[in-house]
Amino acid sequence: NEQTAGEETDDLHLCVDQGGAETYFVLCDEYDLVESVRARTLAVLEQCGFQLERQEEPLTTEDFRLSIQRRFLDPTATCHDQQVFNNSLLYLRFKKPGTKDDYETLEEVAPGIDFQYDYHGNVRKKEESMAD
């Protein structure tokens, strides 16, 4: 953690959406590494008895990635650095079978939702709104 001694941090309550089929809730600290959030998400999946189709080995954190909208989260960065805030909605995107680094698309995970932006709130830059 990058926090300094005596500095207060905020607890984050995160919603992790698995394609509209399930939503999981994970508690973490704003200075936790994203990899720690992945580990906590994995623990929740294990507690729920979650299994992928044709899964032969136990799930690991290497089997999925978390994203905010279209942006994958960097596992080596903190939640704070990745702009993950309280009540953030993260998308759980599993590795496609038989691939090394190919993960589910947002269209597969959240069909029908239009992801135009990489961040929460669909905030447009001033230049973008003036161009319309």
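Which residue in β2 is the bridge partner of aspartate 11? In this predicted model, that partner is aspartate 29. The pair belongs to the contact between strand β1, residues 11–18, and strand β2, residues 22–29. These two strands run antiparallel and are joined by eight bridges.

The protein chain contains five strands and three helices. Read from the N terminus, its elements follow the order β-β-α-β-β-β-α-α. The chain has 132 residues, of which 36% count as buried. When contacts between residues at least 6 apart in sequence are considered, 54% of them join residues at least 24 apart.

The five strands form an open sheet with mixed pairing, in the order β2-β1-β5-β3-β4. Its edge strands are β2 and β4 (71–72), each of which pairs on one side only.

Cysteine 15 lies in strand β1. Apart from neighbours within four places in sequence, cysteine 15 is in contact with Thr23, Tyr24, Phe25, Ser88, Leu89 and Leu90. The C-alpha atom of cysteine 15 is separated by 6.5 Å from that of valine 26, which is 11 residues away along the chain.

Threonine 41 is located in helix α1, residues 34–47. Threonine 41 has a relative accessible area of 1% and is therefore buried, the cut-off for this class being under 20%. With neighbours within four places in sequence left aside, the contacts of threonine 41 are Val16, Val26, Phe64, Leu66 and Leu92. One of these contacts, Leu66, is placed in strand β3, residues 64–68. The C-alpha atoms of leucine 66 and threonine 41 are 9.5 Å apart, and the two residues are 25 apart in sequence.

Leucine 66 counts as buried because its relative accessibility is 1%. Under the same exclusion of neighbours within four places in sequence, leucine 66 is in contact with Val16, Val37, Arg38, Thr41, Arg71, Phe72, Leu73, Leu90, Tyr91 and Leu92. Val16 and Leu92 are among the residues in contact with leucine 66, and both are also among the contacts of threonine 41.

Two residues were examined for their backbone torsions. Most residues other than glycine have a negative phi. Glutamine 69, although not a glycine, has a positive phi of about 50°. Glutamine 69 is found in the loop between β3 and β4, and its relative accessible area of 12% places this residue in the buried class. Glutamine 83 likewise is not a glycine and has a positive phi, in this case of about 60°. The loop between β4 and β5 holds glutamine 83, which counts as partly exposed at 36% relative accessibility. The value for glutamine 83 falls between the cut-offs of 20% for buried and 50% for exposed.

The largest pocket has a volume of about 630 Å³. This pocket is lined by 22 residues, and those closest to its centre are Leu52, Glu53, Lys95, Lys96 and Pro97. Two or more residues of the lining come from each of β5 and α2 (106–109). By class, the lining of the largest pocket comprises nine charged, eight nonpolar and five polar residues.

How values were computed
Residues numbered from 1 in each chain as written. Predicted model: local features only at pLDDT ≥ 70, side-chain atom pairs only at ≥ 80, totals over all residues. Heavy atoms only, no water. Buried < 20%, exposed > 50% of the residue type's maximum accessible area, 1.4 Å probe, protein only. Helix = DSSP H or I, 4+ residues; strand = E, 2+ residues; numbered from the N terminus. Pairing = 2+ DSSP bridges. Contact = heavy atoms within 4.5 Å. 1 Å grid on protein atoms, 1.4 Å probe; cavity = no way out; pocket = protein on both sides within 12 Å on 5 of 7 lines; lining within 4 Å. Points joined across faces, edges and corners; volume = space filled by probe spheres on them. Nonpolar A, V, L, I, M, F, W, Y, C, P; charged D, E, K, R; others polar.
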